[in-house]
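Hi everyone, thanks for making time.

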Amino acid sequence: MPDQTQENKNTFYFEAYGVRLRLDSNDSALLDEVKVILQQTFGGNLRITEPVNDPILFGIDREGGEFVMYKDGKVFTNGAVKDVFLRFFDSMVRVTIAEHAVDRVFVHAGVVGWKGKAIVIPGNSFSGKTTLVYELVRRGAEYFSDEYGVFDADGLVHPFPRRLAVRSRPEEGKAIETTYLTAEEIGGRSASAPIPVGHVLFTEFREDSVWEPDSLTAGQAVLEMVSHTAPIRYNTKLSLEILKKVTSNAIILRSCRSDAVVFSEFFLEFVDNKAF
Amino acid sequence: MNNSQFPSARKTGLVVQDMPDEVLVYDLDSNKAHCLNKSAAFVWKSCDGTKTVPDIVNLFASEAGEKVSEDFVWLAIDQLSENSLLEASIKADFAGRSRRDVIKKIGMVSVISIPIIASLVAPKNALALASCGCAVNGDCTIQTGCPSTVNCNGVGVCAP
């Protein structure tokens with residue numbers, strides 16, 4: 001497939017978290033649809049701008065019966081189902097902004113607020129972050145994110161409240177279905193202001209597991225978080241400075257967990273009682 | 001001057017972050033992060049290219065108020081060298097014993113933590129964090145955690 005040409009393109013410049021991007025498309029209706037999606041994703045953190053120098057380039061074209069995505073002018077992927085294609089495009093934009101954000105450090109993590117302090121649960125995709133965040137929010141924790149912990153220079157975590165991406169349980173021969181829900185739709189509430197981190201929890205689900213937390217030092221926690229930190233290679237110094245602030249006053253624990261329904265209730269009580 | 005007698009901490013290509021009781025070191029060449037515990041960090045910071053292992057033993061006593069053996073310092077240097085945190089590679093002088101034997105011996109007599117360096121390779125890019133990890137075209141059709149079973153772009157990302 002050829003590189004994306006600039007003929008007959010509709011263009012949209014925008015900026016989020018200090019990252020400047022340009023999006024080109026040969027289909028103005030498609031471009032308008034994407035604008036709405038990105039505005040939903042980034043909320044007040046997205047700003048439509050005038051043309052700028054050296055933006056990161058994305059393109060989405062409609063070609064025949066399918067959609068083609070370009071990054072830096074080269075074909076990145078294609079797909080026939082519009083909704084799936086646009087969700088994938090949205091996730092690529094999020095990843096790009098997470099990696100290049102100027103004054104924030106994005107860490108792959110689920111985050112909720114509980115009594116003024118954040119509980120940060122680092123983990124890669126498919127590690128069960130959303131499931132646990134979902135249950136914590138249903139039990140009254142404030143929703144910050146099921147994807148990224150967004151930390152500022154003081155180590156405070158900011159809301160990144162895209163809708164929770166709740167996946168169906170894997171079943172043999174069936175595709176995973178994803179449902180997108182707001183915190184309010186599951187009976188919870190979304191955070192609106194940054195807060196300090198109280199707990200960092202490294203955990204994963206294990207059938208019949210017992211809660212036996214190890215307490216990690218701040219250095220051990222930063223080391224663990226490095227593997228979940230989006231800009232670690234791109235902006236190492238800022239990443240480490242901010243991770244230090246994030247962990248310096250937090251209680252850091254590592255343990256396997258039981259089912260999210262049971263564990264979420266237990267963990268909030270645990271935090272309240274500081275029983276360890 | 002023989003480098004093996006006067007170990008020197010590497011200074012270039014590293015991002016160093018002091019933590020309350022540890023030091024985080026990120027190697028920009030290998031994209032590996034290292035967490036040096038207090039003992040390992042003390043030895044690393046003492047490796048200025050002018051001190052011998054016995055000098056560093058004495059420094060432990062005078063500056064940290066801790067009595068340690070030469071084996072203790074060699075154990076740190078061995079790990080620092082292995083992780084490319086010294087200017088030049090140094091083979092530890094364990095007098096024919098294995099590192100495990102030395103750790104055992106030190107562990108039995110030392111009142112302070114033995115030097116430990118924990119390491120981890122950083123992910124290739126942010127995309128790797130968001131991906132299912134499928135490496136081969138078609139993996140998404142068999143890996144149950146993938147968002148799509150329709151297609152895979154073959155670079156570790158479940159594409160639409």
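This is a predicted model: local features need pLDDT of at least 70, side-chain atom pairs count only at pLDDT 80 or more; totals for chains, interfaces and linings use all residues.

Let's begin in chain B, with helix α3, residues 70–82. Which of its residues are buried? The run goes B:Asp71, B:Phe72, B:Val73, B:Trp74, B:Leu75, B:Ala76, B:Ile77, B:Asp78, B:Gln79 and B:Leu80. End to end, α3(B) reaches 18 Å from its first C-alpha to its last, close to the 18 Å expected. After the helix comes B:Ser84, with a positive phi near 60°.

Now over to chain A, where there's an open sheet of six strands. Reading across, the order is β3-β1-β2-β4-β5-β6, and the pairing is mixed. At the edges sit β3 (46–48) and β6 (74–79), each pairing on one side only. On average, neighbouring strands here are turned by 25° against each other, ignoring direction.

Let's zoom in on one pair. β2(A), residues 19–25, and β4(A), residues 56–63, run parallel and are joined by four bridges. Look for A:Arg22, which stands opposite A:Leu57 in β4(A).

Last, the helices of chain A. α1(A), residues 28–42, lies across β1, β2, β3 and β4, at about 10° to β1(A). α2(A), residues 82–100, lies across β1, β2, β4, β5 and β6, and runs at about 175° to β4(A).

Terms used: Residues are numbered from 1 along each chain as its sequence is written. Chains are lettered from A and ligands numbered from 1 in the order in which they are written. Helices (H or I, at least four residues) and strands (E, at least two) are DSSP runs, numbered from the N terminus. The expected span of a helix is 1.5 Å times one less than its number of residues. A residue is buried if 20 or more other C-beta atoms lie within 10 Å of its own, exposed if 12 or fewer, and partly exposed in between; C-beta atoms are placed from the backbone. Two strands pair if DSSP finds at least two bridges between them. Axes are lines fitted to C-alpha atoms, for helices over the stretch in contact, and angles run from 0 to 180 degrees between N-to-C directions. Two residues are in contact if their C-beta atoms, placed from the backbone, lie within 7 Å.
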